Amino acid sequence: MAEVPFIVIGGYLGAGKTTLINRILGDDHGLRVGVLVNDFGDINIDAKLIQGQDGPLISLANGCVCCRLGNELGSGIETLLNVAPTLDAVLVETSGVAYPAKIASYAKTWPGLAPGGTLVMADANRIQHLALDKFVGPLVIEQLRQADRVLVTKLEKDNDWPSVQRWINAQAPDVSIMQSHEFASQLLFEIPASNHSPVVSADVTFEAKTFTTSDSLDLDDIESWLVSLPPEIHRIKGIFYNAGDPKHRWVIQGVGRQRTISTGEAWGKSPKQTEIVVIWPTSLTPKFPDGILEDSTGLQPNRKSP
Amino acid sequence: MGTDELTVFTARKVITMNRSWPYATAIATKNGRILEVGTLETLKPWLESHPHRINDQFADKVVAPGFIDPHLHPSMAAVLLPMRFITATRWELPWETVQPVTTPVDFFRRLHELHAEQAPDEPLFTWGYHQLWHGPMNRTLLNAVSVDRPIIVWHRSFHELYMNDGAMGWLGITANEAEGKQQIDFGAGRFYENGLAYAIVKLNPYILSNERYRDGLRRLVEVAHHGGHTTLGDMAVGLFNFDMEWQGTKDVLDDVNTPFRTVLVPSAASVALIQGGHDQALTFMDGLAERDTERLLFPKHVKLFTDGAFFSQLAQLKEPGYIDGHLGEWLVAPEQFIDIARRYWNAGYKIHVHCTGDLGLELALDTLDTLQWERPRFDHRYTIEHFGFSTPEQVARIAALGALVSANVYYVHELSAIYAQQGIGYERAHQMARVGSCVRAGIRTAIHSDFTMAPASPLNNAWVASTRKNMEGDVVCPEEALTLDQALAAITIDAAYVLGMEDEIGSLRAGKSADFTVLDADPYAVGGEGLKDIAIAATVFKGTPYLING
């Protein structure tokens, strides 16, 4: 029986769990993600994306399924797995006062699930204050310690970043930390294993290649290049220098065979440089076409840290 | 149906629990209501003006106000009671006396008997297995009883269960999905912790099915009657599912033969879940009183929770916490707790707060302090439910803020010794359920069973409260014992007060409902030590006698 990675999104109230889930549900990542949430009220799903609602379940056009949790996590998991047996991942949004490790341990028991790692969200403005709270101080510190990766939200000044990292590492020495906005949906499968969850997150790992050029490109050229890409490519993302519109960045986004090209922000003073990243599962070996774009490096932006 | 005839109950002694008029030997009633409490002599002004009938069936008994358990869970009882008990201790159930089974050989002998007794197409659920008495348990041993009939052996603690092949097949649990999983030992048929949660999801369609749930509730009616209750507080309607529970409650507990009333206190969180938010929940709650019947009442009370289960050591503790350093649990974020409490406080509800640890209690008290500052209320009946761990200083705050206490004193009996050893140490473990201090501080203090957490027996609870004897027979912190009189008040008038029904029930006086518990012996004669052994002969609910074993 195929097992689906079970990924826990924890963190205290207001840390940004729902925002992250909204992003994951709205992102065009091509993954079929099942999400267990506490309350639909906070989930902000674009009405156009909703294909149908049936009791505690909402199905989305992009293949994702959202399930409202009732009294028990177990029945939510069962509902989800029964309705959507071919998910790529199951995400659970914990309550703000849950111990994420306790929730994550379900994955080791529940038929159909495999451990997928634990993300804990932390509000940069609030976390240090909460850690001193007489009611929840020990809880929020324990939540950080149970994380495989801490995602920091609401950082107002980049200058604060080192001190926030230092503080979190002082509470949870081994944990990997990143800012939430740097977090892409694919990284869900790349949550580093830690001493808290010895089982490696998921079998899916990715390789990436970056294609760059300083030449301007015709829209037709780029479109035919996209079509020529091998089918193993899972995700594509980047900007290019469009000869037809030299003022603006042009943006490529794509998951699976769905790709879109759109106008982006003005180049301004930045160098007009085409830079496109393609990502594929490590288990596959795509053959790239020769042509307009050179392969710059074997950049591997999303590789698991050792 | 009204009648002009009065009924006069006579007794060897009537304990009224009315401090101003404490004892009597006769009670005049009409249409289920007390007209006067006194003697046949003093009742004459009534008896001379109205046709009457003397009911002397309890003339040699002691009549007390009908017992009130202000906090139990009919829904949990409905799940447990249909199971067959095989237990190391003796259980008096209305339909059977369960004899102690204390060896592995006897356990399986009894299991064979139950297998032979039960209809062939029904799954067999047992409860009470414990390895200390009953030895190893696994699928192979159960298959030896029957491979085909589903057999489910539920552990005494509720925290694990075992299944035979028949049960696994019935539930569709296959090696393919369950083998190699943690907390499921597929080979042994053992399911625990998360594995138990998995098994329960599979079992729920059966154990919460209409038929079985109603059978469980009918058994609860018998259990409650045998315990001498005439009023129950369902202190968290919606533990499983509000609508399902309400349907069952209406079908069974509202039956004209049910000898007690049930005060229904919905869980705010459960209602919000079904109604889609706390605003909608409040609107829904405001409408519940329209459902009131003679036996089912929604008197604008609400149940909130702060910290985790006492039996699981998930109570939130102040310093120095648990010996092993583990942390307790919040059932809701503290900032959400005050937000929810404020809605109900401002809407005039009487709020009951489940608090097991002293830090959970601190949150409940800080919240009450804030709410009193924002919008003062007198006679608000904010009640601390369970009251496991507390500090003496918190008792003073409870009193100062005008709150009440409804305590599970059975904790002292079952857990004080083990929690001293494996939990929090002697000093704090011995002071659990600090009810003596509460009464001394002038706090209205009730005691409850939280059934199925403790036996549904008010007299047994009153015995624990007045003796503070634990399972080992040791007296634990006698400083916190209640006097006999205080203990009786805690299962009658003070329990009525906690449910906001003291004008109607809880003592015997002119104008109140004719609810009695009829005892074979006088509690004041046998003393606190003898409370648990007093036999209950009958109850009277709204003037109608319901004999026990009669």
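Predicted model: local features only at pLDDT ≥ 70, side-chain atom pairs only at ≥ 80, totals over all residues.
**View 1. The six-stranded open sheet of chain B.** In chain B, 6 strands form an open sheet with mixed pairing, in the order E7-E10-E11-E12-E14-E13. Strand E7 (84–85) and strand E13 (184–185) of chain B are the edge strands, and each pairs on one side only. Helix H3 (residues 104–117) of chain B packs on this sheet and touches E7 and E10 of chain B. The direction of H3 makes about 155° with that of E10(B).

**View 2. The pairing of E10 and E11 in chain B.** Strand E10 (residues 124–129) and strand E11 (residues 151–155) of chain B run parallel and are joined by 5 bridges. Among the residues paired here, Leu124(B) has Ile151(B) in E11(B) as its bridge partner.

**View 3. Helix H8 of chain B on the sheet.** Helix H8 (residues 194–207) of chain B lies across strand E12 (160–163), E13 and strand E14 (190–192) of chain B. Its course runs at about 105° to E14(B). H8(B) consists of 14 residues and reaches 18 Å from its first C-alpha to its last, close to the 20 Å expected at 1.5 Å a residue. At Val201(B) the helix H8(B) bends by about 35°, and a proline, Pro205(B), follows within four residues.

**View 4. Buried residues of H8(B) and their cover.** Asn194(B), Gly195(B), Leu196(B), Tyr198(B), Ala199(B) and Leu203(B) are buried in H8(B). The cover over the buried residues of H8(B) comes from both chains: it includes helix H2 (73–83) and helix H4 (106–109) of chain A, together with E12, helix H6 (165–171), E13 and E14 of chain B.

**View 5. The contact between chains A and B.** Chain B contributes 24 residues to the contact and chain A contributes 22 residues. On the side of chain B that touches chain A, the elements giving two or more residues are helix H7 (175–178), H8, helix H13 (334–346) and helix H14 (358–374) of chain B. H8(B) gives the most to this side, with 6 residues. Sorted by class, the side of chain B that touches chain A has 14 nonpolar, 7 polar and 3 charged residues.

**View 6. Chain A.** Chain A contains 8 helices and 15 strands. Of its 306 residues, 39% count as buried. Among contacts in chain A with a separation of 6 or more, 71% are between residues 24 or more positions apart.

Key: Residues numbered from 1 in each chain as written. Chains lettered and ligands numbered in written order. Pairing = 2+ DSSP bridges. Contact = placed C-beta atoms within 7 Å. Axes fitted to C-alpha atoms, helices over the stretch in contact; angles between N-to-C directions. Nonpolar A, V, L, I, M, F, W, Y, C, P; charged D, E, K, R; others polar. Expected span 1.5 Å × (residues − 1). Bend = angle between axes of the 7 residues up to and from the residue. Buried ≥ 20, exposed ≤ 12 C-beta atoms within 10 Å, placed from the backbone.
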